[in-house]
Amino acid sequence: MRRRALLRALALLGPATAFARPLRAFADPSAGEPASVDTLPRLSGELTLYLGRGEGGLYEDIIAAIEKRNPDLELRIRRGPSTALANTLVAESRVGRLRADLFWSIDASSLGLVTRQVEPPAIPASLRDLLKPGFRYEHWVPISGRFRTIPYNPQKLNVAELPQDVMMLPESDARFGWAPAYGAFQSFITAMRLLEGDDATGAWLEAMAGKSSEFAGEFGVVMAVSRGEVDLGFANHYYTLRLKQGRPDAEVELAFTQNDAGCLLNASGIAVLRPSELATDFVRHLLTSEVQSYLAREAYEVPLMAGVPSPEGLPPIGELKPPQVDLERLGDLQPTLRLLRQTGVL
Amino acid sequence: MQQWKPLVAVVVGVVCLAGISQTALAHGEFDEEQLAEFEKHMDDFLEEIEELVADVEVIVSKPQPGKADVDALIEHWEEVGVHAVIETQAIVTYPGVWQGIILLQQQVEAGDSDGVVAAGERLKAALWQSFGAVRLAAHQVQTGTAPSAAENEAATSGPETVALIIADLEQAVAEYRADNLSRAEALIHETYMSRFEGLEGDLIARDPDLVSQLEKDFNATLPLLMQRGAGVDEINGTLKSMKAQLQNASSILEAVEASRSEVF
């Protein structure tokens, strides 16, 4: 089945065609090269880490590996949803009882909340400079990223028929799948608000609502695309890559828009709340070539250090064009939720 | 076409499924062993909550409470054992206590007597709400419908997390039977978001249909059955099916974790 071609005059996007201009941050020659863990000093002393849940046991594996390599490190860990831990840190900070040295969150919005309200000290330049430009935040360190993507069914759609601009998608008569109650989707809409404004985002949601089927999670979106129940959808990149890993013949491919919320690169990250050499060196471990490679290999996360290969199945990172968005502002969810409700999407 | 309504918009209740510290961040003389068996110390916690509430009432009743009064309250809150238990067993309610203290502190500093009274009421409510959440958690442990703190603490592997998910689902069904529909839905939603979501990645590559079916069951099948007041047999049938799928997931995760590459 073919869908009405739209906006053919626009440049094409898709797995092979959408990557003409490198992202400034990834192409910058001053981007840091990751060090091997072998070059780092051994960790010794006590650290308290607040760890947001996510990525199954992979973050736990990394922590266990760091502990095994550093037997003199006494790591105290408190686990919970990133948002709950961020709220706790804010509360602790207000009464001057901050107990965490580090806060490792799976989402940048929780880090944004902590950055605004706890005001942790600035990240040492020696640490910040290890990251690629564009990911050098003053108060937290991005660890790994995830792209917003457009999974599509190649049996239903020709990638050449898709616009490179996510804001043009409402003009398509394709059938979409989305998961509006999902945190990643809400971050995507928040990014759209920040980039395009509330009015344009509201109009986009209204236009898309009639074309979109709703799913509880974004893996459900990807599966619906692969089964042909919808033509395309909105989801983070790793669902499709994971599915293709197990089922290489699954009828789903990834397309990317350009310089808009549709290809947002969100990140997990860590904030140093009580600065010390030990805390800084702990963060350095997360930026080693070994940990960055592990996250790309096992979690399909996007490494944010130069020289570390992308997850298998993702186009070369330098060819993608995510928008320049202050990830800390993705925590500004209330206006997004209001828009989703006003438009009947939620 | 499968279309699921946004059941995930269910508001998470006071039931806390959230994190547990690996090493205790305990306060005062409340040690790790006590924290691991918190359900045996509920009388002590009740007494401590009553003491804290009394502290608040003393502050509120003073004509001109001062900074030292609030500082003393904070010191007391930091010392009591119930602090660590709320912090670990009721993490969702924990910030509310601090927020109540902060508000009280602000009103005292502003010299706003009406504001002090209102803040005091809010703080007392937050303390009781937290105690209620701890008591519920203790009840779950005592009745075998929830993992102990020690078990929860150790749940960092896939199979261990699956065991917690199953315990959460059993508790949700128990809540449904007790006519606590909103609490049952909140439990299902929270265990899906906080626990199952983190396991999906490894499962998708091995058995995407299993993940897809479980996503549907978490977000549609089971909650919808509850919403329409389905009978116990029907609910138990779905629970049994989900448990079988989760056991399958556990076996897959065990194999995945055994074959995972080294970090360093």
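This is a predicted model: local features need pLDDT of at least 70, side-chain atom pairs count only at pLDDT 80 or more; totals for chains, interfaces and linings use all residues.
Leaving aside residues up to four places away in sequence, Val221(A) touches Gly177(A), Trp178(A), Ala179(A), Phe215(A), Gly233(A), Phe234(A) and Ala235(A).

In soluble globular proteins, nonpolar side chains tend to be buried together.

Now display chain A as a whole. Chain A contains 12 helices and 11 strands. Of its 346 residues, 58% are buried. Among the contacts in chain A with a separation of 6 or more, 82% are between residues 24 or more positions apart.

Colour chain A by domain. Domain 1 comprises 26-145 + 267-314, and domain 2 comprises 146-264 + 334-342. Their C-alpha centres lie 29 Å apart. Where the two domains of chain A meet, 9 residues of domain 1 are in contact with 9 residues of domain 2. On the domain 1 side, the touching residues divide into 4 nonpolar, 3 polar and 2 charged.

Move to helix H2 (residues 58-69) of chain A. Does the distance between its ends agree or disagree with the expected span? At 1.5 Å a residue, the 12 residues of H2(A) should span 16 Å, and the end C-alpha atoms are 17 Å apart, which agrees. Within H2(A), select the buried residues Leu58(A), Tyr59(A), Glu60(A), Asp61(A), Ile62(A), Ile63(A) and Ile66(A). Their cover includes strand E1 (45-52), strand E2 (73-80), helix H10 (277-286) and helix H11 (289-299) of chain A.

Finish at helix H12 (residues 334-342) of chain A. Which residues of H12(A) are buried? They are Thr336(A), Leu339(A) and Leu340(A). These three cover an arc of only 100° around the axis, which means that they lie on the same side of H12(A). An α-helix has 3.6 residues a turn, so residues three or four places apart point the same way. Select helix H6 (183-196) and helix H7 (198-209) of chain A to see what the buried residues of H12(A) pack against. Then turn to the other side of H12(A), where Gln334(A) and Arg341(A) are exposed. Following H12(A) is Gly344(A), whose phi is positive, near 75°.

Note on methods. Residues are numbered from 1 along each chain as its sequence is written. Chains are lettered from A and ligands numbered from 1 in the order in which they are written. Helices (H or I, at least four residues) and strands (E, at least two) are DSSP runs, numbered from the N terminus. The expected span of a helix is 1.5 Å times one less than its number of residues. A residue is buried if 20 or more other C-beta atoms lie within 10 Å of its own, exposed if 12 or fewer, and partly exposed in between; C-beta atoms are placed from the backbone. Two residues are in contact if their C-beta atoms, placed from the backbone, lie within 7 Å. The arc is that of the directions from the helix axis to the C-beta atoms. Domain bounds come from an automatic or database domain assignment. Ala, Val, Leu, Ile, Met, Phe, Trp, Tyr, Cys and Pro count as nonpolar, Asp, Glu, Lys and Arg as charged, and the others, Gly among them, as polar.
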